[in-house]
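Trainee: I would like to go through this model residue by residue. Where do we start?

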Amino acid sequence: KEITDAPILIIGSGYGGAVSALRLCEAGKKVVMLEMGLNWEKSGIPFSNMLKPGKSAAWLKKKTIAPFMNIFSLTPFTGTLDRMDFEHINIWVGRGVGGGSLVNGGMAVTPKESYFKEVFPDLDANKFYNTYFPLVHKELKVNVIGEQFLKDCPYYKFTRVGEAEAHKAGFKTIRVPNVYDFQYMEKEYKNEVPRSAFNTEVIYGNNHGKNSLDKTYLKKALDTGNLEILDLHCVDNIKLNEDKTYTLNVQQTDTSGTVVADKVFNCTKLILAAGTMGTLKLLLKSNAVNNFPIHEQIGKSWGNNGNFMTGRNWVKPLSGGTGAKQSTIPVGGIDNWEDKEHPFFTEIAPLPMGMDVATALYLLINRVDKKGEVSYDSINKKLSLNWDQSNTTKMRENADYFIKKMNRANGGTRSHFLFNNGFGADVCYHPLGGCVLGKATNEYGKLNNHDNLYVLDGSLIPGTIGVNPFVTITAIAEYCIENLIRQNEFA
Ligand code: FDA
């Protein structure tokens, strides 16, 4: 087996991994990053769009796995979008250099300060709202769509209709910032540059326009000359050595998923940034197979960030409609968070199916009153999730309230076209928690019971943050790595 020694190793190239890499590289440290997915930019393979799914569409699957379009057959390839299926919930994640930033809708939402304080009572909220959130906005290139463009552009009819209907039903709407470059979008509308958001590209990757992490944090980190990213390298398990260093068993694959090399990596400092589900799997599996020490809080306080999908079909499709042409980049939301009885936020989501399906799609984000727990099932060799309908009861009530109020004001029916009973309780894009900051780790993400292991990703957030999470994940990672470096953890 090939053995590599790397002083500092990061597993995963999503938000937490990319922030850690940049700040460590800027501090002059050499960093090796292992990513199980493909380096798309280096491969030169284009991303496919939603209407013609190709290589990038799914992680080693024979069929597409998009929530409503799982009809296309595929040749298994290490694509960008993966889905982990559990009994009551399916969790979608991004794979590839850039992690979730490759597949997500780019919605860059800062949490409400009052909720942030409730979720993280021990953090200095002032410092976050004055320093880390503005820093993250700058680094991620967050921007906002021009109102005139939004008003005129046929690709945003779904947003205009969604907002008008929300107002008629008495809801408050908000403009949602994004990392997609809206100046690029205005040019693509005029056909001055190749189309991406207007060419149904998003959940299988964007060829243009979207400032995913490979264009921001990771690019800056690579430019220092201190970062090496090894793609198609999947960490299978971790061992703790007697001298408190770590040994990783890693499988290198080709793009068909076939293992081409078994490798061993030794490191002194290890950062786990494999995303909530990836990090939990590595910790819990390593505990099961290698007796790897883990703290009792690992796996606890897991949540779906209150994700609950629902939709509406129009009763009279011809009188309304959301438009045959739709941008894939959401820019509108409904903010009902202050309602004591039915607090939720919902994205007015696109449904770019290439025709006017007269259907409105909403991804609700609710509070998570009852958290779940993740553990490792040694017999079946997979993660197991303690999560069922009882965890989503209130979310369902909110969705029902929302849809009824919208239909009463505007007409329409709950969408049985999109979901069996009109409710998608099992759709999760935002898995969070299981390795909560200050509980399973110290105040800066250093894992309890370990001297050289850090967790810096979505698993630090206790199951809920009230809005789409990557801005918060990035800000928490900035805060943690800054303090870890200051404390000479990586000296
Ligand atoms: P992230 O999941 O980004 O990265 C982890 C990386 O680790 C992955 O690249 C993975 O391949 C790699 N990895 C895992 N296990 C490994 C192993 N064993 N060995 C090597 N590598 C391994 N959020 C938001 O704020 N706004 C939005 O608009 C959206 N929209 C959205 C749409 C869709 C379809 C999805 C699936 C998700 C979103 N999200 C979102 C959620 C957002 O993308 C998500 O919260 C973040 O990407 C999570 O960041 P992390 O740093 O935690 O891990």
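Mentor: We start with Ser13, which is buried, with a relative accessible area of 0%. Keep in mind that this is a predicted model.

Trainee: Which side chain makes a polar contact with the side chain of Ser13?
Mentor: The residues that Ser13 touches, leaving out those up to four places away in sequence, include Ala18, Met33, Glu35, Gly98 and Leu218. With Gly98, the side chain of Ser13 reaches the backbone nitrogen, at 3.0 Å. The side-chain to side-chain polar contact, at 2.8 Å, is with Glu35.

Trainee: How many Å apart in space are Ser13 and Leu218?
Mentor: Leu218 is among the residues that Ser13 touches. In sequence the two are 205 residues apart. From C-alpha to C-alpha, the separation of Ser13 and Leu218 in space is 8.1 Å.

Trainee: Which residues are the closest to the ligand?
Mentor: The ligand is surrounded by 36 residues. By class, this shell has 17 nonpolar, 16 polar and 3 charged residues. The closest are Glu35, Gly100, Met107, Gly458 and Phe470.

Trainee: What percentage of the area that the ligand exposes when taken alone is buried by the protein?
Mentor: Consider the polar atoms first: an oxygen atom of the ligand is 3.0 Å from a polar backbone atom of Gly16, and an oxygen atom of the ligand is 3.3 Å from a side-chain N or O atom of Arg95. A backbone N or O atom of Gly458 lies 2.9 Å from a ligand oxygen. Taken alone the ligand exposes 1,000 Å², and the share buried by the protein is 94%.

Trainee: Which element gives the most residues to the shell around the ligand?
Mentor: Two or more residues come from each of α1 (15-26), β4 (90-94), β7 (233-240), α9 (275-290) and α11 (470-486). The one that gives the most, with 3 residues, is β7.

Trainee: Why do the buried residues of α7 count as being on the same side of the helix?
Mentor: Helix α7 covers residues 182-189, and its buried residues are Phe182, Tyr184, Met185 and Glu188. They are on the same side of α7 because the arc they cover around the axis is only 145°.

Trainee: What do the buried residues of α7 pack against?
Mentor: At the N-terminal end, Asp181 caps α7, with a side-chain oxygen 2.9 Å from the backbone nitrogen of Gln183. After α7 comes Asn191, with a positive phi near 60°. The packing partner of the buried residues of α7 is α5 (147-152).

Trainee: Is Thr247 buried or exposed?
Mentor: Thr247 is in strand β8 (residues 246-253), and the side chain of Thr247 makes a polar contact with that of Asn241 at 2.9 Å. Buried means under 20% relative accessible area. Thr247 has 13% relative accessibility, so Thr247 counts as buried.

Trainee: Is Lys381 buried or exposed?
Mentor: Lys381 lies in the loop between β15 (373-377) and β16 (382-386), and its phi is positive, near 55°. The cut-off for exposed is over 50%. At 62% relative accessibility, Lys381 therefore counts as exposed.

Trainee: In which strand does Ser301 lie?
Mentor: Ser301 is a residue other than glycine with a positive phi, near 55°. Its strand, residues 300-303, is β10.

Conventions:
Residues numbered from 1 in each chain as written. Predicted model: local features only at pLDDT ≥ 70, side-chain atom pairs only at ≥ 80, totals over all residues. Heavy atoms only, no water. Near = heavy atom within 4 Å. Polar contact = N/O pair within 3.5 Å; in protein donor to acceptor, adjacent residues only side chain to side chain. Areas by Shrake-Rupley, 256 points an atom, 1.4 Å probe, with all protein chains shown as cover. Helix = DSSP H or I, 4+ residues; strand = E, 2+ residues; numbered from the N terminus. Nonpolar A, V, L, I, M, F, W, Y, C, P; charged D, E, K, R; others polar. Buried < 20%, exposed > 50% of the residue type's maximum accessible area, 1.4 Å probe, protein only. Arc of directions from axis to C-beta. Contact = heavy atoms within 4.5 Å.
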